[in-house]
Amino acid sequence: MKKRVTGIGGLFFKTKDPQASKDWYKKHLGFNTDAYGCTFWWKDQDGNDCSTQWSPFAEDTKYYEPSKKDFMFNYRVENLKELLVTLKEEGVTIVGEMEEYDYGKFGWILDNDGNKIELWEPVDQAFK
């Protein structure tokens, strides 16, 4: 396997009022927010367009389960299918089944502290 994680795909956190958080970050820090939060665009070392998502979630979201934490990291990966096989062989807990959308493939694991980690093989062009 050439690469595993290639960057941070997203920062997700729970909040009492996701819209108020998006409004605050827009007003005070200039985030260009939408229904999902804010997408940051950047270029990788080869000059490819890449994105990182910042998203507040409602504090009662079940999306982070089985983790009990108020946050979840999303990491960009190069080959999700191969990585999930490798991680399973290494004894890492896989959560659910891989899902595929026009904007990428997603898989979930638990780290050594029980934090749910989202792995994303992105299709950045889908956001343009």
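**Around one buried valine**

Mentor: Let's start with V77, which counts as buried because its relative accessibility is 4% (buried means under 20% relative accessible area, exposed over 50% and partly exposed in between, using a 1.4 Å probe and protein chains only). Before going on, keep in mind that this is a predicted model, in which local features need pLDDT of at least 70, side-chain atom pairs count only at pLDDT 80 or more, and totals for chains, interfaces and linings use all residues. Residues are numbered from 1 along each chain as its sequence is written, and side-chain values use heavy atoms, with hydrogens and water left out.

V77 belongs to strand β5 (residues 71–77); helices (H or I, at least four residues) and strands (E, at least two) are DSSP runs numbered from the N terminus. Leaving aside neighbours within four places in sequence, V77 is in contact with R4, V5, T6, L83, L119, W120, E121 and P122, where contact means heavy atoms within 4.5 Å. K105 lies 28 residues from V77 along the chain, and their C-alpha atoms are separated by 9.5 Å.

V77 is also part of the largest nonpolar core, whose eight residues are V77, L80, L83, L84, L87, I109, I117 and L119. Such a core is a set of buried Ala, Val, Leu, Ile, Met, Phe, Trp, Tyr and Cys residues joined through side-chain atoms within 4.5 Å. Two or more residues of this core come from each of α2 (80–89) and β8 (116–122), and α2 provides the largest share, four residues. A second, separate core has five residues, among them V95, F106, W108 and L110. As background, nonpolar side chains in soluble globular proteins tend to be buried together.

Next, follow the chain past β8 to D124, which is in the segment after that strand. D124 counts as buried too, at 6% relative accessibility. Not counting residues up to four places away in sequence, D124 touches W41, D49, C50, S51 and R76. D124 is 44 residues from L80 in sequence and 15 Å from L80 in space, C-alpha to C-alpha.

Finally, there is an open space to find. The largest pocket holds about 570 Å³. Here a pocket is an open set of points on a 1 Å grid over the protein atoms alone, where a 1.4 Å probe fits, with protein on both sides within 12 Å along at least five of seven lines; lining residues have an atom within 4 Å of a point. Grid points are joined across faces, edges and corners, and the volume is the space filled by probe spheres set on the points. Of the 23 residues lining the largest pocket, F12, Y36, Q53, S55 and Y103 are the closest to its centre. Elements that give two or more residues to this lining include β8, while β4 gives the most, with six residues.
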